[in-house]
Amino acid sequence: MPTPSRRSMSDIQSWLEGIPTRRLRPLPHRIRKRKRMSSTPSGSQGPSGPASGGRVKRLRQSSATSSGPSGTSQPSQVFLLPPLSSHGSLQRPRSPTKGAADLGRFARPVEYQPPLPTVRLPDPIRSLDATMTKHEIVTAQADPDDVLEQGFTDHGSVGQARDTFASLQKIVAATGWSIRWRRSEAAWNNHVHTPMLEMALADVEFVQAELITAASILPSFLPRVQLGPASLVEAVSQAKMVDYALVLQPITDPTDSPPTAYQTLLRSLPIDQYALSQTDYGPLRHFPAPVVLETKADSGDLGEAKAQLGVWAAAWFQRMRLLFPQDYQTMPVPLLIARAEAWTVYYACEREDGISIYGPVVIGDTLTLASIYKLLASLKAIGRWVATEFKEWFEGSIERNM
């Protein structure tokens, strides 16, 4: 093969240098923002954020430059995506209030405390706790007639007791399948938690279990952060949604209007506080919802569930303080967690300088017939508390403040 002449080599070199070069552009901003994500568990993070090994890295070649055709140095950048989680998807950033301990950063701190004996609980919830703890009498015998004989006469006739028994058997079976197939939180809600709540509240007048996974706390009621940037206030709270609320809804037909006192109170509120609960979602705008329930699948984070309840409890007490400014008398409220089949209750009590949440108290589960009857009785007791003691307190507060 003939060797190119010196002139032809020069022409080729000039031609190459005349070709415009394009530098690698960084990835779009929406991808680059994910550099705060981490592939390490939240428990291994330091106080300043995720470990550096999980961040988006910009790598340079060992020489930090690349040589172009003309011998000039040009920077070369390569952007790597964050590592994938064990499930093959990008991990979400750690929430500002991932655990219940972080609730102590609020201006009015929320603190979890061990459960108190019934006699030491505040009066408004003492009778409720006593009612739930006495339902330890259920046996595991699969006979509804035995259930009636052991004190569960509130199921009515033997025929009604048999219907209840059959419905509870279905929930127990659904629990078994949910555990076997490792169902998601939404699937647990659909197959187990919603039927359980519907059964418990079916004969409780004026109390409705509402699925509120799309509800968020109104900014006016968000708990304030004592230390940290102002932007943290909303980030801390708005992400903390819960699953259900027990709503006091004293109407019997969808076409009925709310009680006159409720409507008058709602119309008197400023636009940024236009709700009788801490959220303006659905019926919670027109009616109060003192009890919230957070659910988790079997692998769900209990610390995060407690943080979610703490945020909603803080927002609830702030809503009540602003709703009844002239004569505010605090009212403790129960909070619920259903982690797969196991249900527990906590009691949120407002102090002068913060909020104490006492618990957990086990109220039953959906794994066996013995324990599901205890859970049914406990949830009925909570529903009746909303329909009686809480209703009396709420409507009395309206009268004192109008």
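Begin by selecting helix H8 (residues 260-267) and helix H10 (residues 369-401) in this predicted model. H8 passes H10 in a left-handed crossing. To see what joins the two, display the side chains of Ala261, Tyr262 and Leu265 on H8, together with Phe394, Glu395 and Ile398 on H10; these residues make the contact. Five of the contact residues are nonpolar, one is charged and none is polar.

Next, turn the view to judge the geometry of this pair. Two packed helices are described by the angle between their axes and the distance between the axes. For H8 and H10, the angle is about 55° and the axes lie 11 Å apart.

Now select helix H5, residues 158-180. Colour the buried positions of H5: Ala161, Thr164, Phe165, Leu168, Ile171, Val172, Ala174, Thr175 and Ser178. When viewing them, recall that an α-helix has 3.6 residues a turn, so residues three or four places apart point the same way. Continue past the end of H5 to arginine 182, where phi is positive, near 50°.

Finally, show the whole protein chain, which has ten helices and eleven strands. Of its 402 residues, 44% are buried. Among contacts in the protein chain with a separation of 6 or more, 68% are between residues 24 or more positions apart.

Definitions and conventions
Residues numbered from 1 in each chain as written. Predicted model: local features only at pLDDT ≥ 70, side-chain atom pairs only at ≥ 80, totals over all residues. Heavy atoms only, no water. Helix = DSSP H or I, 4+ residues; strand = E, 2+ residues; numbered from the N terminus. Expected span 1.5 Å × (residues − 1). Buried < 20%, exposed > 50% of the residue type's maximum accessible area, 1.4 Å probe, protein only. Axes fitted to C-alpha atoms, helices over the stretch in contact; angles between N-to-C directions. Left-handed = near helix turned anticlockwise from the far one by under 90°. Contact = heavy atoms within 4.5 Å. Nonpolar A, V, L, I, M, F, W, Y, C, P; charged D, E, K, R; others polar.
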